[in-house]
Amino acid sequence: MRIPVFNCTTSADGRSHSMAKVAHARLSKLEAAGRFVDLRETTLPMVDPKAGDSVPEVRSGSGAIERGPAVVLAVTVSGGGLNASVHNLIETTAPAWQHK
């Protein structure tokens, strides 16, 4: 069982990044950690339904989500909502989220 962990903060000193690292470390101890994806270092295209999986970053993120039995998203909630990087991740990898 490999559970991917996504750091969805865009802040260099965000607490979400620290939380993502802790979650990944704990999953590693349980031998359940999948990829650690830091959206600060991964450039996802703006949502383009025509592009689909033709963009390597989208294929990579989709693959990690599809293979995992679950997904950990470390996000910052601001003003009652999620930041644009989270929305973009979900939209660009939408088919991979089935049955999660």
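Student: Let's start with His17: which helix is His17 found in?
Tutor: Bear in mind that this is a predicted model, where local features need pLDDT of at least 70, side-chain atom pairs count only at pLDDT 80 or more, and totals for chains, interfaces and linings use all residues. Residues are numbered from 1 along each chain as its sequence is written, and side-chain values use heavy atoms, leaving out hydrogens and water. Helices (H or I, at least four residues) and strands (E, at least two) are DSSP runs, numbered from the N terminus. The one that holds His17 is helix H1.

Student: Is His17 buried or exposed?
Tutor: Buried means under 20% relative accessible area, exposed over 50%, and partly exposed in between (1.4 Å probe, protein chains only). His17 has a relative accessible area of 17%. That is why His17 counts as buried.

Student: Which residues does His17 touch, leaving aside those up to four places away in sequence?
Tutor: A contact here means heavy atoms within 4.5 Å. With residues up to four places away in sequence set aside, the list for His17 is Asn7, Thr9, Phe36, Asp38 and Arg40.

Student: How many residues of E1 are buried?
Tutor: Ile3, Val5 and Asn7 point one way from the strand, and Pro4 and Phe6 point the other way. Both groups are buried. Out of the five residues of E1, the buried count is five.

Student: What kind of unit do E1, H1 and E2 make?
Tutor: A crossover is right-handed if, with the strands pointing away from the viewer, the path from the first strand over the helix to the second runs clockwise. E1, H1 and E2 together make a right-handed β-α-β unit.

Student: What pattern does the protein chain follow along the sequence?
Tutor: The protein chain has three helices and five strands. Read along the sequence, they follow the pattern β-α-β-α-β-β-β-α.

Student: Where is Glu31, and what is its phi?
Tutor: Glu31 sits in the loop between helix H1 (15-29) and strand E2 (33-38). Glu31 counts as exposed because its relative accessibility is 63%. Glu31 is not a glycine, yet its phi is positive, at about 55°.

Student: Which residues form the largest nonpolar core?
Tutor: In soluble globular proteins, nonpolar side chains tend to be buried together. A nonpolar core is a set of buried Ala, Val, Leu, Ile, Met, Phe, Trp, Tyr and Cys residues joined through side-chain atoms within 4.5 Å. The largest one has eight residues: Phe6, Cys8, Val37, Leu39, Ile65, Val86, Leu89 and Ala96.

Student: Is Val75 buried or partly exposed?
Tutor: Val75 is in the loop between E3 and strand E4 (77-78). Leaving aside residues up to four places away in sequence, Val75 touches Cys8, Ser16, Leu82 and Val86. Because its relative accessibility is 24%, Val75 counts as partly exposed.

Student: What separates the C-alpha atoms of Gly68 and Gly34?
Tutor: Gly68 lies in the loop between helix H2 (56-67) and E3, and at 2% relative accessibility Gly68 counts as buried. Gly68 and Gly34 are 34 residues apart along the chain. Their C-alpha atoms are separated by 7.4 Å.
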